[in-house]
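Open the model in your viewer and keep the selection panel at hand. Each stop below says what to select and what is there.

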Amino acid sequence: MKQDNINHAEAAAAFLQDREQARWHDSAIWWVRQKRDAQAKQLPEWEQLRALAQQIKSHTLSRLDEYLTEFQTNAERNGVTVHWAADADEHNRIVYGILAAANVKKLVKSKSMLTEECGLNPYLEQRGIEVIDTDLGERIVQLRHEPPSHIVMPAIHLKKEQISELFHKELGTEAGNNDPTYLTHAARANLREHFLTAGAGLTGVNFAIAETGGVVVCTNEGNADLGTALPPIHIASMGLEKIIPKQAHLGVFTRLLARSAIGSPITTYTSHFQQARPGGEMHIVIVDNGRSDILGSDDFSQSLRCIRCGACMNTCPVYRRSTGHSYSYIIPGPIGSTLGPSRDIKKHGSMAFACTTCGSCSNVCPVKINLHEQLILQRKRAFDAGTLKPVKKMGLLAMRFLTQHPSLLDAGGKLMRKVVPILPVALTQHSAWSRPGRELPQMPAQSFKEMWQARKENKQ
Amino acid sequence: METPHTAMKVALFIPCFVNELYPHVAMATAELLEGYGVEVDYPLAQSCCGQPASNNGDSQGACDAARRFTAIFKDYDYIVSPSGSCVSHVKHHYPWYIADDADYQAMQPRVYEIVEFLQDVLKVDRLPKPVYFPHPVSIHQSCHGLRELGHAAPSELMIPYHSRLERILQLVDGVDVRLPERRDECCGFGGTFSVDEPEVSVAMGEDRVAQHEATGAEFIVGADPSCLMHMGGIIRHKCRPIRPLHIVEILTGRGGAA
């Protein structure tokens with residue numbers, strides 16, 4: 001879980017104190033963006049695929065009720081138990097109910113941002129159930145008792161030396177052995193033990209297919225497969241927007257997903273789950289938790305097309321220079337900065353301002369969500385909800401007035417041009433503009449308006 | 001492109017901060033247009049296009065500014081500005097506030113960023129006066145010009161490469177055009193973002209300046225004074241030799257004087 005009241009600007013400033021680590025973070029993630037570009041470039045139909053994915057998702061969202069019902073009918077026909085959860089708490093209660101009924105003491109989980117969103121781990125742990133995250137990155141952040149900093153690469157903010165230290169402490173690996181292969185093997189051996197002793201496995205869902213009632217889980221580590229093949233109970237938790245109509249549509253998304261996410265042609269495992277294995281149980285929990293409110297919003301419904309590839313984070317120049325931990329909502333970066341404010345504008349409204357509106361996110365998005373525009377539109381809600389700092393709001397109201405009274409705007413501009421050059425450095429150097437290492441613009445003697453009028457008089 | 005364009009009524013749209021801080025960029029824009037025989041008017045009643053209000057969620061302020069802008073500019077044949085970001089706000093974000101306004105609908109297609117206007121309306125194939133600019137320059141694609149106005153093929157999209165700035169610089173003699181690593185990463189200005197998140201803003205700007213410097217260029221050339229202002233502030237703080245330059249300063253032969 002994330003701590004409350006993270007302010008992006010402050011958290012980012014703290015992160016940037018260690019410029020070397022920050023540069024490394026930026027470069028490591030930019031490298032993934034470059035891999036994505038290289039993969040996308042190899043498909044001449046890339047832009048067509050994006051358009052197709054956008055259309056399939058938009059269509060599905062326009063008839064979501066029908067497709068969800070079709071999905072439920074088909075899943076139940078396969079012998080799967082389908083549960084509906086209106087919110088996070090109901091989701092957690094359902095999962096706990098399933099586990100308690102079977103007297104499960106240990107749950108292995110593959111990566112699921114939804115369970116992070118719902119705060120499932122602490123909920124179960126408080127009720128005596130041990131929860132083991134089995135995705136390597138998730139396991140690392142779980143052992144560190146911190147939230148993931150990225151939705152696809154949860155531990156991307158950590159260097160191998162930091163992981164080595166953590167594993168030495170938690171898993172008893174050799175001190176100072178930073179070899180990634182050694183460390184991965186240690187984690188694998190530890191996880192194997194948990195897979196073998198868990199009473200149930202929980203997975204996320206990348207795609208739920210209405211036509212078949214099956215769900216598809218994409219991983220690179222195969223942990224979802226072990227977590228569902230070994231314990232007798234499989235719980236799949238999904239947001240209600242994960243539906244696609246037909247099996248035939250899946251290829252559009254699997255071709256886009258891994259290329260967008262990590263610059264691979266496909267994930268190592270694309271696992272299809274349609275029914276429980278013999279003697280086992282399979283449950284699907286379909287979660288709303290604010291999604292139907294977003295669906296009802298003209299400005300933000302597009303955000304439900306998201307397939308959680310994380311490409312918007314990898315391309316975001318602000319994200320790369322601030323880490324996911326600087327964002328207050330569990331999903332960071334551009335997509336999180338619309339989903340978070342949609343969920344709670346008072347709590348997460350400031351995330352919408354952690355953005356230069358450069359628009360790169362909207363362009364990399366495989367389902368063409370207008371991300372940067374949504375962030376600007378979320379700022380309207382933040383303004384209306386009264387979350388802006390008083391000094392900023394006053395400035396905006398002053399600007400509102402000056403825009404309507406250009407002679408006063410001009411007078412203010414002139415005052416600025418005359419006064420700024422004679423201000424003592426001691427006064428300007430602590431301003432938000434100058435403090436981090438940026439000089440004020442040089443102030444010209446005349447404004448263009450003055451030059452233009454003088455020029456006109458000379459001509460006459 | 002030999003006929004004069006005296007018949008068209010062109011209004012200069014000079015963003016508020018350009019009026020105060022970069023008057024020479026505004027003047028170069030006027031002179032460039034006049035060099036092609038265009039009669040240029042500068043409506044003195046103009047103020048701010050409302051982008052700062054919009055980007056900070058002040059819908060009322062943004063809406064008022066949009067209506068005011070439309071009233072001032074609607075009767076001109078063309079509205080031309082040396083700032084891609086402000087043009088993009090008028091063209092692409094005004095509909096959030098005044099989509100149904102008939103005057104706005106009629107005006108919207110006639111608002112141009114200066115390079116677009118030269119290339120798409122005047123269809124220029126030479127400069128008014130020949131310009132010799134024997135310097136290496138690094139192209140800065142400003143985000144709104146790039147991704148909202150389509151000034152170039154953004155690196156994220158798998159579409160054929162094109163670049164308005166590179167194309168218009170072909171009319172300049174001697175110029176050596178270079179592209180930075182990460183050819184279109186944001187400089188970090190972002191309007192009020194620059195003071196809301198000053199540390200991130202400057203970190204981005206420092207990286208951007210370093211990438212432009214690494215090309216060996218003497219100038220960073222762009223079509224948006226705001227990005228150039230931000231990078232310029234960082235350059236002067238670090239006392240670096242590279243200089244930001246607006247494209248119109250080169251096209252009018254004033255480059256290097258700034």
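**Before you start**

This is a predicted model, in which local features need pLDDT of at least 70, side-chain atom pairs count only at pLDDT 80 or more, and totals for chains, interfaces and linings use all residues. Residues are numbered from 1 along each chain as its sequence is written, while chains are lettered from A and ligands numbered from 1 in the order in which they are written.

**Stop 1: chain A**

Select chain A and colour by secondary structure. There are 23 helices and ten strands. Helices (H or I, at least four residues) and strands (E, at least two) are DSSP runs, numbered from the N terminus. The C-alpha trace spans about 95 × 55 × 45 Å along its principal axes. Of the 460 residues in chain A, 48% are buried. Buried means 20 or more other C-beta atoms within 10 Å of the residue's own; exposed means 12 or fewer; partly exposed is in between; C-beta atoms are placed from the backbone. Among contacts in chain A between residues at least 6 apart in sequence, 73% join residues at least 24 apart. A contact here is a pair of C-beta atoms, placed from the backbone, within 7 Å.

**Stop 2: chain B**

Switch to chain B. Its secondary structure comes to 14 helices and eight strands. The C-alpha trace spans about 50 × 45 × 40 Å along the principal axes. Chain B has a radius of gyration of 18 Å, which agrees with the value near 18 Å for a compact globule of 258 residues. That radius is taken over C-alpha atoms, and the globule rule is 2.2 Å times the number of residues to the power 0.38. Buried residues make up 59% of chain B. Of its contacts with a separation of 6 or more, 77% come from residues 24 or more positions apart.

**Stop 3: where the chains meet**

Show both chains. Here 60 residues of chain B are in contact with 58 residues of chain A. On the chain B side, the elements giving two or more residues include α1 (16–21), α2 (23–35), α4 (59–73), α12 (198–214) and α13 (225–237) of chain B. By class, this side has 30 nonpolar, 18 polar and twelve charged residues. Ala, Val, Leu, Ile, Met, Phe, Trp, Tyr, Cys and Pro count as nonpolar, Asp, Glu, Lys and Arg as charged, and the others, Gly among them, as polar.

Now select A:P436, in the loop between α22 (425–428) and α23 (448–459) of chain A. A:P436 is buried, with 20 other C-beta atoms within 10 Å. Not counting residues up to four places away in sequence, A:P436 touches B:P198, B:E199 and B:V202.

**Stop 4: two helix pairs in chain A**

Select residues 46–62 and 247–262 of chain A. These are helices α3 and α12, packed at an angle of about 125° with their axes 10 Å apart. Axes are lines fitted to C-alpha atoms, for helices over the stretch in contact, and angles run from 0 to 180 degrees between N-to-C directions. In α3(A), A:L49, A:R50, A:L52, A:A53 and A:I56 meet A:H249, A:V252, A:F253, A:R255 and A:L256 in α12(A). These contact residues divide into seven nonpolar, one polar and two charged.

Next, select residues 160–171 and 180–197 of chain A. Helices α9 and α10 pack at about 35°, with their axes 11 Å apart. A:K160, A:I163, A:S164, A:F167 and A:L171 in α9(A) meet A:P180, A:L183, A:A186, A:A187 and A:N190 in α10(A). The contact has seven nonpolar, two polar and one charged residue.

**Stop 5: loops to inspect**

Select A:H145, in the loop between α8 (136–143) and α9 of chain A. A:H145 has a positive phi of about 55° although it is not a glycine. A:H145 is exposed, with 7 other C-beta atoms within 10 Å.

Move to B:R182, in the loop between β6 and α11 of chain B. B:R182 is also not a glycine, and its phi is positive, about 55°. B:R182 is partly exposed, with 15 other C-beta atoms within 10 Å.

End at B:P180, between β6 (176–178) and α11 of chain B. B:P180 counts as buried, with 21 C-beta neighbours inside 10 Å. B:P180 and B:A214 are 34 residues apart in sequence and 7.3 Å apart in space, C-alpha to C-alpha. Among the residues B:P180 touches are B:S138, B:Q211 and B:T215.

Key: Two residues are in contact if their C-beta atoms, placed from the backbone, lie within 7 Å.
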